Amino acid sequence: MSTISATDVKNLREMTGAGMMDCKAALTEANGDFEKAIEVLRLKGQKLSLKRADRDAKEGAVIALVSEDGKKGVVIRLSSETDFVSKNEDFINLAKEFAQIALDTFPADLEGLLSKPYQNITIGEKVSEQVGVIGEKIELADYQRIEAPQVVSYIHMGNKAGVILGLNQADAKFKEAGRDIAMQVAAMKPVALDKDGVDASIIEKEIEIGKELARQEGKPEDMLEKIALGKLNRFFKDNTLLAQAFVKDSSLSVEAYLKTIDKDLTVTGFKHVKLG
């Protein structure tokens with residue numbers, strides 16, 4: 001049995017951020033082997049993650065990044081249980097590191113991102129490790145990406161939400177307009193770019209709601225479908241980005257506003273990630 005010195009415990013704590021007693025216990029279990037001790041702490045984090053799986057992780061940090069050439073963007077959400085953790089500089093920096101890896105490697109989905117290398121482990125393993133270090137549920141809960149001739153980003157104050165948005169033209173003079181529309185996404189939370197992008201299940205639900213409301217108002221049964229479709233058009237206007245009233249000039253839709261800048265300028269797509 002190796003003797004575990006206070007210096008060994010201190011060094012492991014500095015390497016991992018885990019508590020002193022946890023580090024001492026891990027070193028004891030690993031017979032003084034630092035690599036094995038780190039694995040012990042990581043495994044502890046995985047177990048803790050499972051034990052806390054039913055806990056809500058509604059706080060955290062959302063980070064959005066755009067590539068140097070402006071053609072790719074990513075947005076990720078690293079979640080925590082408390083805002084005490086989410087405001088910690090180390091936690092935010094870790095989220096930024098994950099976002100940078102996402103931008104550099106541009107995986108197709110969250111599962112792919114979690115499998116990407118982070119130092120000598122994977123991002124997924126690092127997240128599990130942090131559960132043991134921090135002592136509450138930590139989760140890389142969302143990852144979205146976008147490609148376009150020009151991508152712009154917006155992060156809401158305090159890393160509470162992030163938007164990446166694609167424009168169909170690469171000219172830098174359109175960047176400010178793109179940022180205005182990205183801010184609109186964060187504020188107005190559209191469900192799709194236009195009516196063609198709205199999920200069929202949402203449309204079906206809205207039609208049924210429209211029919212039921214009309215029925216409650218005493219409208220004839222043979223009129224319900226027509227009334228519901230009228231309400232659906234209003235839904236599209238309020239909840240699809242290009243049809244929404246532009247927040248800086250409500251006399252214009254977002255689509256119309258973009259055409260005042262350039263007749264061919266439009267949004268190709270967007271991704272909105274928020275806490276909660």
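**View A. The buried side of helix α1.** Helix α1 runs over residues 6–16, and its buried residues are V9, L12 and T16 (buried means under 20% relative accessible area, exposed over 50%, with a 1.4 Å probe and protein chains only; helices are DSSP runs of H or I, at least four residues, numbered from the N terminus). Those three sit on the same side of α1 because they cover an arc of only 65° around the axis, going by directions from the helix axis to the C-beta atoms. Just after α1, G17 takes a positive phi of about 80°. Keep in mind that this is a predicted model, with local features needing pLDDT of at least 70 and side-chain atom pairs counting only at 80 or more, while totals for chains, interfaces and linings use all residues. Residues are numbered from 1 along each chain as its sequence is written, and side-chain values use heavy atoms, with hydrogens and water left out.

**View B. The largest pocket.** There's about 440 Å³ of space in here (a pocket is an open set of points on a 1 Å grid where a 1.4 Å probe fits, with protein on both sides within 12 Å along at least five of seven lines; lining residues have an atom within 4 Å of a point). Of the 17 lining residues, N88, D90, F91, Q130 and V133 are closest to the centre.

View C. α1, α4 (83–86), α5 (89–105) and α7 (123–134) each give two or more residues to the lining, and α5 gives the most, with five.

Conventions. Grid points are joined across faces, edges and corners, and a volume is the space filled by probe spheres set on the points.
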